[in-house]
Number of protein chains: 2
Amino acid sequence: MGPGPVNADPRILRAMSAQLVGQYDPSMTAYMNETMELYRGVFKTENEQTLLIDGTSRAGIEAALVSLISPGDRVLVPIFGRFGHLLREIAERAGAEVHVREIEWGTVFTPAQIEQAIRETKPALLAIVHGDTSTTVAQPLDELGEICERYGVLFYTDVTASLAGNAFEADAWGLDAVTAGLQKCLGGPSGSAPATFSPRAVEAINARKSIEAGIREAGDAVSAHPIRSNYFDLSMIFDYWGPKRLNHHTEATTMLYGARECARLLVDEGIDAAVERHRLHGAAMLAGVQGLGLGVFGDLDHRMNNVVAVHIPEGVTGDAVRGELLNDFGIEIGTSFGPLHGKVWRIGTMGYNARKDSVLTTLAALEQVLRRAGVAVTGGGGVGAAYEVYQDAAGS
Amino acid sequence: MGPGPVNADPRILRAMSAQLVGQYDPSMTAYMNETMELYRGVFKTENEQTLLIDGTSRAGIEAALVSLISPGDRVLVPIFGRFGHLLREIAERAGAEVHVREIEWGTVFTPAQIEQAIRETKPALLAIVHGDTSTTVAQPLDELGEICERYGVLFYTDVTASLAGNAFEADAWGLDAVTAGLQKCLGGPSGSAPATFSPRAVEAINARKSIEAGIREAGDAVSAHPIRSNYFDLSMIFDYWGPKRLNHHTEATTMLYGARECARLLVDEGIDAAVERHRLHGAAMLAGVQGLGLGVFGDLDHRMNNVVAVHIPEGVTGDAVRGELLNDFGIEIGTSFGPLHGKVWRIGTMGYNARKDSVLTTLAALEQVLRRAGVAVTGGGGVGAAYEVYQDAAGS
């Protein structure tokens, strides 16, 4: 019940035990095409270039940034938590001239602040996290696409922590590039990064296309300024996933089976229903920790559905409580980074764990562990408050 | 029965369906430590820094090269097949001044040729493929470490296609950096890249260590010239796998289970026994295709145990034969790249497929398909020749 990775849906693990097939076998390329279509549904996009990057969610971020950024490009990174710093770091290593704006952890930017920063820095690219698990808040993105379009700025976001647990619409919100991971609300293991790229992003990326030596044929593209990475060169990855089936990496077949099953389950449930499920169980967990008498960190109006940050009560050693929950009750919760390290616990309700029994069991165990640590908790207050949320939802 | 990826050992797929645990759970960090130790056995090394890169084998190559190369460094890449071109490509994108030497596909370099090239180019790094599946030959490496040491050159090799199917000794041969993949002789799926780095390589890499913003603490390393990639920054990946447990990527747990099981099976069998198994079944396949009257490509004295390249007979459409084998017999074989595309078939005997029944079934099916294509094959000549190899081995 931490901020992710969380335990996977057993149906996804089962899908991953299927035997491999050859990488250009018609059944394998059909799986690849099917996976692209499934993720168009998950991201809510019509983008042709919707595919998997073979690596963790961080690999997806780096593939997007190193492919979109030419060394020297100006990139604007608004930072409201640990993962904004990561975007800055990756953009800098890709050779960008990075401009940052920082706000207090636990808050989000207004569209006017972003527009002002764009006017001041004239970036080629805006790179911003959607939901930053380090602070548990989600940056509203729905008004930023229009601003980016007005100023001719490419618009990238990382939705690893938020996708499928919080409303997200790649096309309606004007995103040019989006990357994710499986290990949060999608209910799978880390190791594959679904991603989608708008025609405008594809055009920018393909302008630097350079087919690698060893498989280059007469007439193939060679750029004087190729993308700095081979593994993350999206112009070749597009051709690998497209009808050319360019020989690039060897697809991580088992991870593809997992990513495909994550999306199949979501599309079966309905992506909006999955978001509503996360909203409900997240609300129950929030009410529960408040019902125990604990304080909650961050701007609750912009809280992610799938994770809540709880102030560690005065006089309590956060890691001792976490250890007792893990060792005696088999329940893992997290701490956080930087200014919040040791100050808050982060409790997740995501993916396979966005369930009533997980929420109630966690609250029941937390009450007992806190009581043993000497905290004056309200007996039954956590589970009771969560039950009320569930009853209200059932009655509505 | 192609040149890889091949179907995985079912025991490995079963290991990959195990439930996830938290990334800093003591059982997870114990699995990570165990995996490091297992791969020390597989690589035959004492290197502390023996770990997994989260991506395909190509990710392992890029992690090694981008971390070892500072922009402007001279790198020597001797090329004897498609994957030598890949090393050149990745080194160039990492900013190296790359010098290549090329020889005819199907042959290998002599140590004297490599030494001569080192004298001429004075590289900081020698990067060379061990077994190049595109040509099916393996470059002897055992004398190159001593040469590299004499000239102060770091020595890197990619053993994706050869490891566990051909003799390899990282320490005895003086390697500084080695990367691999699971999808060939290790019998697993693509998506995790085992790698090992000598103390000398670690020192060179850590000289550029730069802990990323967002998790950097007072006193942490910051380099003026950090490694160009964040995802592939081995100095941080070392700290992630080491006692510091630096928060870098989120380990791809399911792929770790798979990589761990690949190594467990190998260590159970005995790494030398696994190489001998590949030698035996590879020899049976070689004798079999020759027994059918087919010609074999490349220098047989340096042939890899696990793949053979067969000349496509005059008048036969290679892809039609491959299609018939796949669609009617359920057996996949490969073609090759560049100058060999459409000229040879590549038939593998590796990992789970390095078995007598796989060899005999493939030869029996190939005989039938060739006969139907109008090739004058020796009836029973393939299976008979393979049987003789097995009988000789049993009698010896």
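**Salt bridges and a sheet**

Modeller: E276(A) counts as partly exposed because its relative accessibility is 39%. Here buried means under 20% relative accessible area, exposed over 50%, and partly exposed in between (1.4 Å probe, protein chains only). This is a predicted model, where local features need pLDDT of at least 70, side-chain atom pairs count only at pLDDT 80 or more, and totals for chains, interfaces and linings use all residues. Residues are numbered from 1 along each chain as its sequence is written, chains are lettered from A and ligands numbered from 1 in the order in which they are written, and side-chain values use heavy atoms, with hydrogens and water left out.

Biologist: Which residue forms a salt bridge with E276(A)?

Modeller: A salt bridge is a side-chain nitrogen of Lys or Arg within 4 Å of a carboxyl oxygen of Asp or Glu. For E276(A), the closest N and O atoms of the pair are 3.0 Å apart. Both residues lie in helix α10 (residues 271-291) of chain A, three residues apart, about one turn of the helix. The partner is R279(A).

Biologist: Is E261(A) buried or exposed?

Modeller: E261(A) meets R264(A) in a salt bridge, 3.0 Å from N to O. R264(A) is partly exposed, because its relative accessibility is 33%. E261(A) has 13% relative accessibility, so the label is buried.

Biologist: How many salt bridges does the structure hold over all chains?

Modeller: Chain B has them too: R277(B) and E269(B) meet at 2.7 Å, N to O. Over all chains, the number is 52.

Biologist: Which strands of chain B are the edge strands?

Modeller: Strands (E, at least two residues) and helices (H or I, at least four) are DSSP runs, numbered from the N terminus. Two strands pair if DSSP finds at least two bridges between them. Seven strands of chain B form an open, mixed sheet in the order β1-β9-β8-β7-β4-β2-β3. Pairing on one side only, the edge strands are β1 (49-53) and β3 (97-102) of chain B.

Biologist: What is the bridge partner of L51(B) in β9(B)?

Modeller: β1(B) and β9 (residues 193-197) of chain B pair in the antiparallel sense over five bridges. In β9(B), the partner of L51(B) is A195(B).
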